[in-house]
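Colleague: I would like to go through the labels on this model one by one. For each, tell me what it rests on.

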Amino acid sequence: MRARYGVPLGITAAAAAGLVYAAGIEVRSFRLRRVTVPVLPAGMRPLRVLQVSDIHMVSGQHKKRRWLQSLAGLRPDFVINSGDNLSDTEAVPEVLDALGPLMDFPGAYVFGSNDYYGPKFRNPGRYLIEKVQGKHGLNGQGPAVGVPHNPWEELRDGFDAAGWLGLSNSRGTLKIDGYEIAFTGLDDPHILRDRYARVAGGRDTGADFSIGLVHAPYLRSLDAFTADGYPLILAGHTHGGQLCIPFYGALVTNCDLDTDRVKGLSTHTAGEHTSYLHVSAGCGANRYTPVRFACPPEATLLTLVERER
């Protein structure tokens with residue numbers, strides 16, 4: 001009996017322990033990651049950029065709200081919100097409360113699919129199946145159907161009232177300590193709302209520095225930003241893989257980006273140009289899959305410094 005059932009029971013116990021850890025501990029183990037990016041023109045002082053992404057707020061997530069509020073103590077030069085703030089149609093007030101202290105700083109944002117649409121249960125195994133089939137999330141499919149629509153307009157109005165730049169298929173600038181920082185943003189490629197043609201034409205050469213911003217780092221968006229000469233691209237969406245294998249990494253990215261660049265700082269090349277790319281692993285999870293394993297929830301403080309000569 002022991003020889004027959006010992007191993008299966010041991011595997012079951014280990015899997016159960018892993019699930020308890022992923023759902024009860026790691027998913028709430030918020031942390032700050034710090035990254036230095038050598039990307040600024042000569043003569044500019046370092047800029048501290050706080051990127052928050054994929055909050056996926058559900059009503060009652062008090063620890064997440066307090067942690068997000070505490071990030072204001074970092075006193076960044078500006079804040080980037082790269083989308084997917086919601087995982088609950090009733091959570092807009094809690095998102096605005098959580099980000100309230102950060103909205104005292106200049107900021108810019110784009111939306112992701114979960115800002116527009118409420119969550120729907122989806123078998124996590126489908127991500128692996130779609131990867132094998134060469135599909136990438138909803139990309140290439142029609143608009144979401146059979147899901148609730150989130151009150152994203154209330155979220156937009158709250159961000160806009162604080163002076164944050166809405167960058168869904170648009171451009172904008174912020175004045176930061178005498179510097180002009182130009183932004184070009186796209187609506188979410190994951191649900192085919194990106195319209196690069198509306199913002200094409202290259203970075204703003206009259207600004208001191210330019211940044212490309214998109215929620216989901218699909219290659220077509222990264223290629224377009226890079227070919228147009230943007231030195232830095234910021235994105236989210238991937239959750240860093242969300243469920244990763246220790247010492248191996250992510251299995252999927254839920255887009256056509258390779259798993260080697262599923263989170264953190266890397267580079268992207270298109271034609272003769274190369275851009276720095278930072279993909280945030282985000283600090284939340286879909287309410288129907290509230291687990292993270294070997295990929296803790298995070299925000300990132302990026303320190304932009306002079307590029308190497």
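Colleague: Which residue just after H7 takes a positive phi?

Modeller: Glycine 229 does, at about 90°. Bear in mind that this is a predicted model.

Colleague: Which residues of H7 are buried?

Modeller: H7 covers residues 219–227. Ser221, Leu222, Ala224, Phe225 and Thr226 are the buried ones.

Colleague: What covers the buried residues of H7?

Modeller: The cover includes five strands: S7 (179–185), S8 (209–213), S9 (232–235), S12 (264–270) and S13 (273–279).

Colleague: Take phenylalanine 225. Why is phenylalanine 225 called buried?

Modeller: Its relative accessible area is 0%. The label needs a value under 20%. Phenylalanine 225 is therefore buried.

Colleague: What makes phenylalanine 225 and tyrosine 230 an edge-to-face pair?

Modeller: Two values decide it. The ring centres are 5.3 Å apart, and a pair needs centres within 6.5 Å. The planes stand at 80°, and edge-to-face needs over 60, so the label holds. Tyrosine 230 is buried as well, with a relative accessible area of 1%.

Colleague: Why is the pair of phenylalanine 159 and tryptophan 164 called tilted?

Modeller: The angle between the planes is 40°. Stacked needs under 30 degrees and edge-to-face over 60, so this pair counts as tilted. The centres are 5.2 Å apart. Phenylalanine 159 is buried at 0% relative accessibility, and tryptophan 164 is buried at 3%.

Colleague: Which aromatic cluster holds Phe159 and Trp164?

Modeller: The cluster is formed by Tyr109, Phe111, Tyr116, Trp152, Phe159 and Trp164. The whole structure holds 11 aromatic pairs.

Colleague: Now the helices. How do H2 and H3 cross?

Modeller: The axes of H2 (residues 62–70) and H3 (residues 92–99) come within 7 Å and cross at roughly 35°. H2 contributes Arg65, Leu68 and Gln69 to the contact. H3 contributes Glu94, Asp97, Ala98 and Leu99. By class, that contact has three nonpolar, one polar and three charged residues.

Colleague: What makes arginine 65 and glutamate 94 a salt bridge?

Modeller: The N to O distance is 3.4 Å. The cut-off is within 4 Å, so the pair qualifies. Arginine 65 lies in H2 and glutamate 94 in H3, 29 residues apart.

Colleague: Are these two partners, arginine 65 and glutamate 94, buried or exposed?

Modeller: Both values are under 20%, so both count as buried. Arginine 65 is at 18%. Glutamate 94 has a relative accessible area of 14%.

Colleague: How do you know that aspartate 97 forms a salt bridge with arginine 65?

Modeller: The closest N and O atoms are 2.6 Å apart. That is within 4 Å, so the pair counts. This pair also links H3 to H2, with aspartate 97 and arginine 65 lying 32 residues apart.

Colleague: Why is aspartate 97 called partly exposed?

Modeller: Its relative accessible area is 34%. Buried needs under 20% and exposed over 50%, so aspartate 97 falls in between.

Colleague: What makes arginine 287 and aspartate 88 a salt bridge?

Modeller: Their side chains meet at 3.9 Å, N to O. The limit is 4 Å, so the pair is included. Arginine 287 sits in the loop between S13 and strand S14 (298–306). Aspartate 88 sits in the loop between strand S3 (78–81) and H3, and the two are 199 residues apart. Arginine 287 is partly exposed at 36%, whereas aspartate 88 is buried at 8%.

Colleague: Are cysteine 244 and cysteine 283 buried or exposed?

Modeller: Cysteine 244 has a relative accessible area of 8%. For cysteine 283 the value is 2%. Both are under 20%, so both are buried.

How values were computed
Residues are numbered from 1 along each chain as its sequence is written. This is a predicted model: local features need pLDDT of at least 70, side-chain atom pairs count only at pLDDT 80 or more; totals for chains, interfaces and linings use all residues. Side-chain values use heavy atoms; hydrogens and water are left out. Buried means under 20% relative accessible area, exposed over 50%, partly exposed in between (1.4 Å probe, protein chains only). Helices (H or I, at least four residues) and strands (E, at least two) are DSSP runs, numbered from the N terminus. Contact means heavy atoms within 4.5 Å. Axes are lines fitted to C-alpha atoms, for helices over the stretch in contact, and angles run from 0 to 180 degrees between N-to-C directions. Ala, Val, Leu, Ile, Met, Phe, Trp, Tyr, Cys and Pro count as nonpolar, Asp, Glu, Lys and Arg as charged, and the others, Gly among them, as polar. Rings of Phe, Tyr and Trp (its six-membered ring) pair if their centres lie within 6.5 Å; planes under 30 degrees apart count as stacked, over 60 as edge-to-face and the rest as tilted.
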